[in-house]
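Colleague: Could you walk me through how to read a few features of a structure like this one? I would like the general idea each time, and then the case at hand.

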Amino acid sequence: MAVSAVAVLGVVAACGSGGDDGPGTSGETAAKVEINRQAAGDVTTHGGAKRLAGDQTQAIADSIQRSKAKNVILVIGDGTANQELTLARNYQWGAGGQIPGIDELPLSGDYTTYAIDKKTKKPDYTTDSAASGSAWATGTKTYNGAVGVDVDGKAQRSILEIAKANGRKTGNVTTTELQDATPAVQVAHVAQRKCYGPVATKEKCPENLQENGGLGSITEQLLAARADVTLGGGWKTFQETATAGEYRDKTLEVQAKERGYQIARSGAELDAVTEANQDKPVLGVFADGNLPRVWDKATATLQGGKEPAVTCSPNPGFGATPKLASMTKKAIDLLKGDKGFFLQVESGSVDKANHDADPCGQIGETVQLSEAVSTALEFAKQDKDTLVIVTGDHAHSSQIIEAGTVTPGLTRTLATKDGGQLTVNYGTSLEPGEEQHTGGQVRIAAYGPGAANVVGLTDQTDPFFYITDALGLDRDKK
């Protein structure tokens with residue numbers, strides 16, 4: 001995500017990316033462009049910290065491809081804005097380093113993320129993941145907590161649903177529960193994001209129950225949406241029992257089996273899957289709740305700025321859990337082919353560790369994000385007909401502050417790749433687990449056909465339109 005919007009705008013205007021197929025370069029030309037944004041050398045010397053190796057005009061021009069794509073991979077870092085990316089880069093790769101995959105994307109910009117207040121219908125300046133995900137998934141801004149519905153509760157069709165209706169294969173991959181907001185916005189339409197299964201739906205959004213004329217809980221709608229590949233956590237909800245409809249009095253697990261899903265509960269079982277289609281869709285569920293984080297906790301404290309610097313360590317509880325990159329690769333392998341596909345991938349626990357004031361957990365999940373992007377980018381450069389988009393859904397609370405500072409918030413000092421000390425502050429709550437989102441705009445970057453649409457300032461609803469346009473989808477097709 002290294003190229004500034006201002007620098008790219010003139011190139012976009014000169015080279016173009018519009019029309020049905022462009023002008024713009026071929027995938028062959030773009031695949032040869034290597035974006036290296038590491039510091040040139042010793043950052044203490046003249047020119048040592050610069051990241052550009054000469055004039056970039058031709059490289060950026062060569063990165064701008066035609067508008068149409070066969071495949072789209074949308075990669076989301078939940079709660080991942082510039083502070084979260086900078087924190088991970090500084091710690092894991094050094095201040096002068098680059099985040100693999102993410103910093104290699106040639107075209108970038110920012111998008112606005114505000115939601116809509118349900119009562120006043122005015123902007124709500126700090127969004128949650130449900131409203132933000134609904135924005136890019138459906139092209140419609142909505143209220144915090146809403147999944148795939150507008151401010152009046154009317155269902156809005158998602159990219160995944162439209163892609164499927166147009167004959168494309170589809171996938172939905174996450175490190176969170178499959179019922180969590182970001183994966184849910186592609187497959188469900190409920191008034192409240194916590195309506196995971198029939199039990200919570202009866203309590204929190206009874207209007208969505210099937211017996212009341214609704215579409216059912218998020219999990220029931222997920223099964224009905226029938227993406228070709230669905231991977232993540234949330235097995236606990238599959239043990240709930242349907243209260244209406246064709247599968248009444250059966251658990252959602254039994255319903256999935258009767259609907260023909262291939263169920264994988266481990267990485268080994270997922271590895272054994274050889275095909276995914278509408279006859280045999282894949283449902284991989286690898287934890288009762290969210291997938292464990294790859295790195296262990298290092299929770300911030302009130303005096304953390306003065307405590308010894310810590311080095312992050314692996315989470316022993318991660319075990320044999322499939323990593324996000326391996327799930328992404330498997331999904332791509334199962335989806336690729338003549339039909340073309342839409343795939344959404346989420347590293348969801350950057351956000352959850354941020355809520356917990358846990359910088360190590362947060363950085364580890366940003367590393368997972370980086371690895372997933374690298375996997376998608378490697379495929380796209382070989383395929384030459386795939387658009388990869390990488391962004392976050394909202395800004396969050398972590399702030400990099402002067403090392404060793406004690407603040408009114410929670411802090412933790414980390415020992416970095418550079419051999420220095422980096423202090424992180426969480427200032428929206430004094431209780432780990434209660435840190436809150438913030439309202440900043442978020443970086444978005446891309447590679448492939450149609451990537452130029454991310455350049456400059458856009459809104460979170462824009463990806464719905466240019467993704468469906470890039471895939472050539474009829475948005476009204478049922």
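Colleague: Let's start with Ser129: is Ser129 buried or exposed?

Modeller: This is a predicted model, so everything here is computed from its atoms. To call a residue buried, we ask for a relative accessible area under 20%. Ser129 has 3%, so Ser129 is buried.

Colleague: Where is Ser129 found, and what does UniProt place there?

Modeller: Ser129 sits in helix α5, residues 129-138. The UniProt record, an unreviewed entry, puts the feature "active site" at Ser129. Such annotations may be inferred rather than shown by experiment.

Colleague: Which residues does Ser129 touch?

Modeller: Leaving aside residues up to four places away in sequence, Ser129 touches Asp78, Ala181, Thr182, Arg193, Asp393, His394 and His437. Keep Arg193 in mind, as we meet that residue again in a salt bridge with Asp180.

Colleague: Good, then how do I read salt bridges?

Modeller: Side chains of opposite charge can pair when their charged atoms come close. In this model the count comes to 18 salt bridges. In the one between Arg193 and Asp180, N and O are 3.4 Å apart. Arg193 belongs to the loop between α7 (181-184) and α8 (198-204), while Asp180 is in the loop between β5 (169-177) and α7; the two are 13 residues apart. Both Arg193 and Asp180 are buried.

Colleague: Which parts of the chain does the pair of Asp358 and Arg293 tie together?

Modeller: In that salt bridge, the closest N and O atoms are 3.3 Å apart. Asp358 lies in the loop between α13 (349-355) and α14 (359-383), and Arg293 in the loop between β8 (282-285) and α12 (324-335), so the pair ties together parts 65 residues apart in sequence. Asp358 and Arg293 are both buried. Salt bridges can also share partners: Asp128, Asp180, Arg193 and Lys352 are joined into one network that way.

Colleague: What about Arg443 and Asp110?

Modeller: Their closest N and O atoms are 4.0 Å apart, and the two form a salt bridge. Arg443 is in strand β14 (residues 442-447) and Asp110 in strand β2 (residues 107-112), so this pair ties together parts that are 333 residues apart in sequence. Asp110 has a relative accessible area of 17%, so by the under 20% cut-off Asp110 is buried.

Colleague: Now disulfides. How many are there, and which cysteines pair?

Modeller: Here we look for pairs of cysteine sulfur atoms, and the count comes to 2 disulfides. With the bonded cysteines numbered in sequence order, the pairing is 1-2, 3-4. Cys195 is in the loop between α7 and α8, Cys205 in the loop between α8 and α9 (218-225), and 10 residues separate the pair. Cys195 is buried at 0% relative accessible area, and Cys205 is buried at 0% too.

Colleague: And why is the disulfide of Cys312 and Cys360 given a handedness?

Modeller: The torsion about its S-S bond is about -80 degrees, so the disulfide of Cys312 and Cys360 is left-handed. The sulfur atoms of Cys312 and Cys360 are 2.0 Å apart. Cys312 is in the loop between β8 and α12 and Cys360 in helix α14, 48 residues apart. Both cysteines, Cys312 and Cys360, are buried.

How values were computed: Residues are numbered from 1 along each chain as its sequence is written. This is a predicted model: local features need pLDDT of at least 70, side-chain atom pairs count only at pLDDT 80 or more; totals for chains, interfaces and linings use all residues. Side-chain values use heavy atoms; hydrogens and water are left out. A salt bridge is a side-chain nitrogen of Lys or Arg within 4 Å of a carboxyl oxygen of Asp or Glu. Helices (H or I, at least four residues) and strands (E, at least two) are DSSP runs, numbered from the N terminus. Buried means under 20% relative accessible area, exposed over 50%, partly exposed in between (1.4 Å probe, protein chains only). Contact means heavy atoms within 4.5 Å. A disulfide is a pair of cysteine sulfur atoms within 2.5 Å.
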